[in-house]
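My notes follow the order in which I looked.

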Amino acid sequence: MHKPQNKYCRGTHISERKFRDVLRYFSADQTASMTAQFTGLNRNTVNRLYRMLRIRLGELSSWKHPETGVFEVDESYFGARRVRGKRGRGAAGKTPVFGLLKRGGEVSVTVVPNCSREALMPIIKGNVLEGSTVHSDGWKSYDGLILNGYDHYRVYHSHNEFARGKCHVNGIESFWSYAKRRLSKFNGLTDEYFHLHLKESEWRWNNRRNDIYGILLKELRERPLN
């Protein structure tokens, strides 16, 4: 007898019930190894399903159009805490990531080649409409935001200044803290998969007050994994 196709994930040999179990553990942010242990599935099978789910989250997490409002911008570095004696910006072996957070809205993060003005300004202009308010720290790459049509306010961390009234970047810094804490449990990510995990962190942060399992189940009913 022909076995009915899994309506959530085409081409898989596992049952829909078992797939929903995997999805529940994924939604709860369990590692693939723990999910394999809980479900009795082969670790490679779980890894494949997790990879497919992360690719889907990457598709879901991107902003669809530029927005107006109040934003925080910041860069962060992911990887070793210290390499060859260097810390912070420019530290060798670290992956630079740029983040935009709309206050009262979502965060969007992008892996960048560096944190120069040439790398960051096009991302801001592509996501934030002129006339918006942008808060940043004192990093020189944000020079020129006013000339590009934004109201720009800074806090200078180098002067031990972290907030001045409504001027701060506490929101995006909270995301960096969450993402680094979350990614640390994977014991080092290869460059091949870092972007997927980063975008997953973005999506989870943006949906942290929502029913993640319910959202994903509905998404996969409407558009199954292939």
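I am working with a predicted model, where local features need pLDDT of at least 70, side-chain atom pairs count only at pLDDT 80 or more, and totals for chains, interfaces and linings use all residues. Residues are numbered from 1 along each chain as its sequence is written, and side-chain values use heavy atoms, without hydrogens or water.

**Helix H2.** I took helices as DSSP runs (H or I, at least four residues), numbered from the N terminus. In H2, residues 32-39, I found Ala32, Thr35, Ala36 and Thr39 buried (under 20% relative accessible area, 1.4 Å probe, protein chains only). They sit on the same side of H2, because their arc around the axis is only 100 degrees, taken from the directions from the helix axis to the C-beta atoms. An α-helix has 3.6 residues a turn, so residues three or four places apart point the same way. Helix H1 (16-27) and helix H3 (43-61) are among what covers the buried residues of H2. Just after H2, I noted a positive phi of about 80 degrees at Gly40.

**Core.** Next I checked the largest nonpolar core, which has 23 residues. Such a core is a set of buried Ala, Val, Leu, Ile, Met, Phe, Trp, Tyr and Cys residues joined through side-chain atoms within 4.5 Å. Phe19, Leu23, Leu49, Leu216, Leu220 and Leu225 touch the most other members. H3 gives the most, with six residues.

**H3 and H7.** Their axes, lines fitted to C-alpha atoms over the stretch in contact, come within 12 Å and cross at roughly 95 degrees. That makes H3 roughly perpendicular to H7 (65 to 115 degrees).

Definitions and conventions. Buried means under 20% relative accessible area, exposed over 50%, partly exposed in between (1.4 Å probe, protein chains only). Helices (H or I, at least four residues) and strands (E, at least two) are DSSP runs, numbered from the N terminus. Contact means heavy atoms within 4.5 Å. Axes are lines fitted to C-alpha atoms, for helices over the stretch in contact, and angles run from 0 to 180 degrees between N-to-C directions. Angles under 35 degrees count as roughly parallel, over 145 as roughly antiparallel, 65 to 115 as roughly perpendicular and the rest as oblique.
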